[in-house]
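Welcome! Here is a short tour of one protein model, starting with its overall layout and moving on to how its parts meet.

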Amino acid sequence: MENNLVSIADICRTYQVSRAAIYKWVYKYSIMAKKNVKQVVEAKSDTQKILKLEEKIRELERIIGQKQILLEFKDKMIEIAETTYGVDIKKKVGSRLSSGSTTTDKRTDTK
């Protein structure tokens, strides 16, 4: 722990002792305490967690950026296709289907 090899939480789980007991032990038997050196416990562990979370944020921002580029690309392709072919590809919400899009069920019984 003093060499930042293990965290307080790991010691608690491994030896099934409370955090308070570990801190009492650290203050009583720590080499650093005997030298009057103040030590921040679990700083490395917390720092590693923060670094991992920051890396995760960067990765998610990168993915979102890629998705945004894809969406803009698709929108531009639809716009070009609409202009080129004179067809309304993006239907407006609430618009009616064209007359060629409906289905009819006309059966004639022949006996």
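Reading from the N terminus, the elements of this predicted model run α-α-α-α. The protein has four helices and zero strands, where helices (H or I, at least four residues) and strands (E, at least two) are DSSP runs numbered from the N terminus. Of its 111 residues, 10% count as buried, meaning under 20% relative accessible area with a 1.4 Å probe, protein chains only.

A word on the conventions: residues are numbered from 1 along each chain as its sequence is written. In this predicted model, local features need pLDDT of at least 70 and side-chain atom pairs count only at pLDDT 80 or more, while totals for chains, interfaces and linings use all residues; side-chain values use heavy atoms, leaving out hydrogens and water.

Now let's look at a pair of helices.

| Helix | Residues | Residues in the contact |
|---|---|---|
| α1 | residues 8–15 | Ile8, Ala9, Ile11 and Cys12 |
| α2 | residues 19–29 | Arg19, Ile22 and Tyr23 |

Contact here means heavy atoms within 4.5 Å. The residues of this contact divide into six nonpolar, no polar and one charged. Helices α1 and α2 pack at an angle of about 115°, with axes 9 Å apart. That makes α1 roughly perpendicular to α2 (65 to 115 degrees).

What makes up the largest nonpolar core? Its five residues are Ile8, Ile11, Cys12, Ile22 and Val26; such a core is a set of buried Ala, Val, Leu, Ile, Met, Phe, Trp, Tyr and Cys residues joined through side-chain atoms within 4.5 Å. Helix α1 gives the largest share of this core, three residues.

Terms used
Axes fitted to C-alpha atoms, helices over the stretch in contact; angles between N-to-C directions. Parallel < 35°, antiparallel > 145°, perpendicular 65-115°, else oblique. Nonpolar A, V, L, I, M, F, W, Y, C, P; charged D, E, K, R; others polar. Buried < 20%, exposed > 50% of the residue type's maximum accessible area, 1.4 Å probe, protein only.
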